[in-house]
Amino acid sequence: MDPDTFRQARWDEPTLFDLDEGPAPEGPFDHETTNEANLPDEHARETVGIPTVPRSRLTRHLTRQAQMTFGVDTGTYPLGSCTMKYNAKMPEPLAHEPDLLNVHPLAREEDAQGILALLYQLQEALAAIGGLPHVSLQPAAGAQGEFVAMRMVRERFRDLGEISEETRCEVVVPDSAHGTNPASAAMAGFEVLEIPSGSDGCVDVKALEDAVSERTAAFMLTNPNTLGIFERDVEKIAEIVHDAGAMLYYDGANLNAILGKTNPGAMGFDIMHFNVHKTFATPHGGGGPGAGPVACTEELAPYLPVPRVKKGKDGLYVLDDGDERSIGAVKGFHGNVGVLVRALAYIRQHGSDGLTRVTETAVANANYLYQRIKDAYPAPGEALKKHEFVVTAEGLWEENGVGATEVGKRLLDYGIHAPTVHFPINVKESLMIEPTETETREALDALVDALLSIGDEAPGVVREAPFNTAAGRVDDVHAARNPLLTWDQVQRDQDGS
Amino acid sequence: MDLAHPTHIEAMLEDVGYTLEDLFRDIPQPIQRSLEIPKGEPDHKVEQDIQSTLAENTTLQDQATFLGGGSYHHWIPPETRFMAKRGELLTAYTPYQAEINQGLLQSLFEFQTLTARLLELDAANTGMYDGASAAGEAVLMALRTTRNRHQILTPEHIPHQRRSILNNYIDGASGTLETLPTSPEGTTDLNALEDAIDDETAGVHIETPNAYGRIEPLDEIAQITHEAGARLTVHVPDITALGLLHGPGHYGADIATSEGQPLALPPSYGGPALGLFAVDDAHLRRMPGRLVGHTHDANDDDAYCMTLQTREQHIRRSRATSNICTNQSFLAVLFTTTLAAYGETGFKNLARSNADKGHTLAARLAEAGAHVPYQDPPGYNEVLYEPPIDADAFRDEAKAHDIDPGIPAKHLMNNGTDGLIACATETTTPDAIDALANLIQEVS
Amino acid sequence: MLGGFNVGHETPKKLAYTKEHEWVNVEDGKARIGITDFAQDQLTDVVYVELPTEDETLSQGDAFAVLESVKSVSDVYAPVDGTVVQVNHELEDSPELINDDPYGDGWIVVLDMHDASQAEDLLDHEEYVDHTEA
């Protein structure tokens, strides 16, 4: 494996503001203006500050920016917990169909029957996949789905008269939980209690028993857990949580590991979110948009966000606003519809047989990879992994100062994206690796070779990596000490120094 | 499907001493479940079926449509549509690894700069889920940055779905939403604001141009708000308005949000959209969302990276400024592209065209016999009007003429307002406006 | 960049310490407080410091300052009861002083102690070194 074959484009590309030629006498697109509207003078602005760049130069600017960005379409992207699978190309153009793009969210229901039918199909499919009967498609992302779920749990206990400063005031999470879990619970007004994981990385059932009480509103869990290990005690966990009168929440981030094998409803969860942009392969867009639908039990269904799509008696689809128990809305209109349509297309394309193979292949790839690298990069907990795993670079770190960060940076030189580094925090020098089902054996072997070869490279070289990317090691300490978030702030800073 | 054949998987597993069955033996038998959905279908069949289902929609192309209310139909330049297909940007994750994602980071840095300039504030983040939830985060931030204050004041003419969103965002912080009446001009009643505001008020939340298309008196509102020690949060539902109007920061807003969908992509049944979020320097470290900062690399060249991450959930957990993780980055890239394609003059012309169309629409509706309660001074691209007959009946009647004449106010507002709220943008043709005016005359 | 790997840490003999890695220098009933060399090394480069205000009253164990590195946030706890009489405002513009000179220019606050006897309960040099090696 040779780190000297990959080269990312390296353009010395100025920003749009450096390229700004100043306002042109006329705009490029002639929209009709009549100058009939004379807005009150006190509100009229002279300049906005939009850069004016020749169209040819603009296109080159955009193309160069794309070339200096690394996506799944470029190469292997084993970023743990993010499920960076290859995005099937079939669903993509469907989100750009004029018959979808040109439907207004407040159109008459009769004018939106096509899209409503698709959203209804997706609600049904997600209910079946989650093993939970009721679905809202509104949340814009996984974290918003978590927030919705915590709001619903809070309203449910309010209706039961159980919310007080002493009761149902707390949400319990494992210390290995994704940061969004405690943050979402806190945003919904709960105190957060973190419980330590057992030495095997799994929920310490005894610690959970001690932690839950009438104070507990919910326990948030993902299964397989953050270390990629299946929580075998999940039935017992559900029993403990339910005996305390609390709800069990499933974080759908790791759903790619269990399709066709088990489901959150069967495991005893009351409510969950899906990350459709992870599990059902809509492209991640450099950080969104995604979508985070929520599914729940009969008991919680009245609290779901509205509107939801229902099928009327006459066979027409309608938007249902629920009743006063619904939490209402968390974002505008009906959800990230373009993302949801891609997810539906992916689910239909794969079906029950295909989705089961997705999981089997993802788990096979992860276990193959782990077995190949475990001598150099050992993992805590049991050997059998699900779709991802967490190894430690502690040995390399102790030996020669090459830790998780350095291994990740050096991988970039091989044309492979870094795993998630330094998360979870309960494993030292952690590298969280998720190959997904769409990497070929050839790609997996290349990743193995790269990881092993980094361990043998001169530490001095590895510590200064990367070299083959558009920028050398970026000084994030400087950025945080002196935050410059706009071009104008940079100019002022440079003028001042 | 893009999966290795099962025989390859079996062979690969055999090399490391596993069988496929081994991999799932950790799932207890009582909870094992197979998938209860239909089997997979060929690509072409899924594609054709979804296309033909979507064809059942009646789109903005099929009828003259006057719908706004938070989602706006504007023309999207070809450069933006071209960029929407670039796989490197489309299939990247959040740019945690700065060195290999300089292009995306630079684009987001440009987006932050444009957002700050448009809203006339110091700093902006890389975007929120949509304008409505960005406003929710803004109001929550107002609560968090004022001590022992729990009340948010907002005019009753905010659409009820956006009011519901605000309520959800502030519930956990023990915030309460109190409403202010509407003035005869269709804006926030300033006397009522002065009466209602006190040392319990954490924030005043205003939308401008508001749901009736009116421009709010932000100068006076800012003064009253700041005298009471509260924060002013302002939401601009259609960002194109800021090609003509000053941004909220100009009037002293502490936090401003907007909806960027109008410049990123067509309505798409309401999502995805794009929240813009900007603050003054004093509140930089309290803001939610992802931030990109300018710095340098090992060669001392300009470089960008995500910064001030300690505010965020993956580090501060339950004490984070927000739970936001995945947001709408790709739309931020598209938004930036549209603005750059327009340039300063083009963008100002776009806003001018919208104001002209909105004004023409209001005038024509009034001439044709509709009651237009708020017409002077001119607003932006939306207008409230009462047709000669009941609003729902009129909308039904209009269907037969291939017109969607606006959103019934009682559905959008739920505040007792009658009539329809109509929107005209640069895409609205004079023929469409004629058709709507003629219909009003016909039913009079 | 290489914090944590084979680096010896300085631990002055004349200072008192806490298990949470603060150092305390008591003179005339005043306690000057900072974080130890070991602590700054674990934190990596400090990029931002949130300081208390003068006259704030603290009880032993109160979190009174926040230190941020690029990827972590740590509270600093009051080792003793006291009133804040001096704050090192230099840290606002130069948080790196905590890394560069933890026992000198990187001090954080001076407390006017409410109960001088509390100083006796702090760890001495040897006890602290044992604690960091444990």
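Colleague: How much area do chain A and chain B bury between them?

Modeller: This is a predicted model. In it, chain A and chain B bury about 16800 Å² between them, and 60% of that area is on carbon and sulfur atoms.

Colleague: How many salt bridges cross the interface of chain A and chain B?

Modeller: The rule finds 15 salt bridges across that interface. Arg55(A) and Glu79(B) meet in a salt bridge through their side chains, at 2.8 Å from N to O.

Colleague: What about chain C and chain B, how much do they bury?

Modeller: Chain C and chain B bury about 640 Å² between them, with 48% of it on carbon and sulfur atoms. The contact involves 10 residues from chain C and 6 residues from chain B.

Colleague: How many salt bridges are counted between chain C and chain B?

Modeller: The count there is 2 salt bridges. Asp75(C) forms a salt bridge with Arg319(B), and the closest N and O atoms of that pair are 3.4 Å apart.

Colleague: How many salt bridges are there over all chains?

Modeller: By this rule, the count over all chains comes to 51 salt bridges. A pair within chain A is Glu299(A) with Arg156(A), where the closest N and O atoms are 2.8 Å apart.

Colleague: Where in the chain do Glu299(A) and Arg156(A) lie?

Modeller: Glu299(A) is in the loop between strand S7 (294-296) and strand S8 (308-311) of chain A, while Arg156(A) is in helix H5 (residues 142-159) of chain A. The pair links distant parts of the chain, the two residues being 143 residues apart.

Colleague: Turning to helices: at what angle do the axes of H4 of chain A and H2 of chain B cross?

Modeller: Helix H4 (residues 113-130) of chain A and helix H2 (residues 43-54) of chain B cross at roughly 135°, and their axes come within 7 Å. H4(A) and H2(B) are therefore oblique to each other.

Colleague: Which residues make the contact?

Modeller: From H4(A) there are Gly114(A), Ile115(A), Ala117(A) and Leu118(A), and from H2(B) there are Ile50(B), Thr53(B) and Leu54(B). By class, the contact of H4(A) with H2(B) has 5 nonpolar, 2 polar and no charged residues.

Colleague: Within chain B, how do H5 and H13 pack?

Modeller: Helix H5 (residues 102-119) of chain B and helix H13 (residues 329-368) of chain B pack at an angle of about 55°, with their axes 9 Å apart. H5(B) and H13(B) are therefore oblique to each other. The crossing in which H5(B) passes H13(B) is left-handed.

Colleague: Which residues meet there?

Modeller: On the H5(B) side they are Leu104(B), Ser107(B), Leu108(B), Glu110(B), Phe111(B), Leu114(B) and Leu118(B). They meet Ser329(B), Ala332(B), Val333(B), Phe335(B), Thr336(B), Leu339(B) and Phe347(B) in H13(B). The contact of H5(B) with H13(B) has 10 nonpolar, 3 polar and 1 charged residues.

Colleague: And is the crossing of H14(B) past H16(B) left-handed or right-handed?

Modeller: H14(B) passes H16(B) in a right-handed crossing. Phe394(B), Glu397(B) and Ala398(B) of H14(B) meet Leu436(B), Leu439(B), Ile440(B) and Val443(B) of H16(B). Those residues divide into 6 nonpolar, no polar and 1 charged.

Colleague: Now the backbone. Which residues does a cis peptide bond join?

Modeller: Most peptide bonds are trans. Here, a cis bond joins Ala465(A) and Pro466(A), with omega about 5°. Pro466(A) sits in the loop between helix H15 (459-464) and helix H16 (476-481) of chain A. A cis bond also joins Asp376(B) and Pro377(B), with omega about 0°. Pro377(B) is in the loop between H13 and strand S11 (382-385) of chain B.

Colleague: What is the phi of Ser81(A)?

Modeller: Ser81(A) has a positive phi of about 75°, although it is not a glycine. Ser81(A) lies in the loop between helix H1 (55-67) and helix H2 (91-94) of chain A.

Definitions and conventions
Residues are numbered from 1 along each chain as its sequence is written. Chains are lettered from A and ligands numbered from 1 in the order in which they are written. This is a predicted model: local features need pLDDT of at least 70, side-chain atom pairs count only at pLDDT 80 or more; totals for chains, interfaces and linings use all residues. Side-chain values use heavy atoms; hydrogens and water are left out. Axes are lines fitted to C-alpha atoms, for helices over the stretch in contact, and angles run from 0 to 180 degrees between N-to-C directions. Helices (H or I, at least four residues) and strands (E, at least two) are DSSP runs, numbered from the N terminus. Angles under 35 degrees count as roughly parallel, over 145 as roughly antiparallel, 65 to 115 as roughly perpendicular and the rest as oblique. A crossing is left-handed if the near helix is turned anticlockwise from the far one by less than a right angle, and right-handed if clockwise. Contact means heavy atoms within 4.5 Å. Ala, Val, Leu, Ile, Met, Phe, Trp, Tyr, Cys and Pro count as nonpolar, Asp, Glu, Lys and Arg as charged, and the others, Gly among them, as polar. Buried area is the accessible area (1.4 Å probe) that two parts lose on being put together, summed over both. A salt bridge is a side-chain nitrogen of Lys or Arg within 4 Å of a carboxyl oxygen of Asp or Glu.
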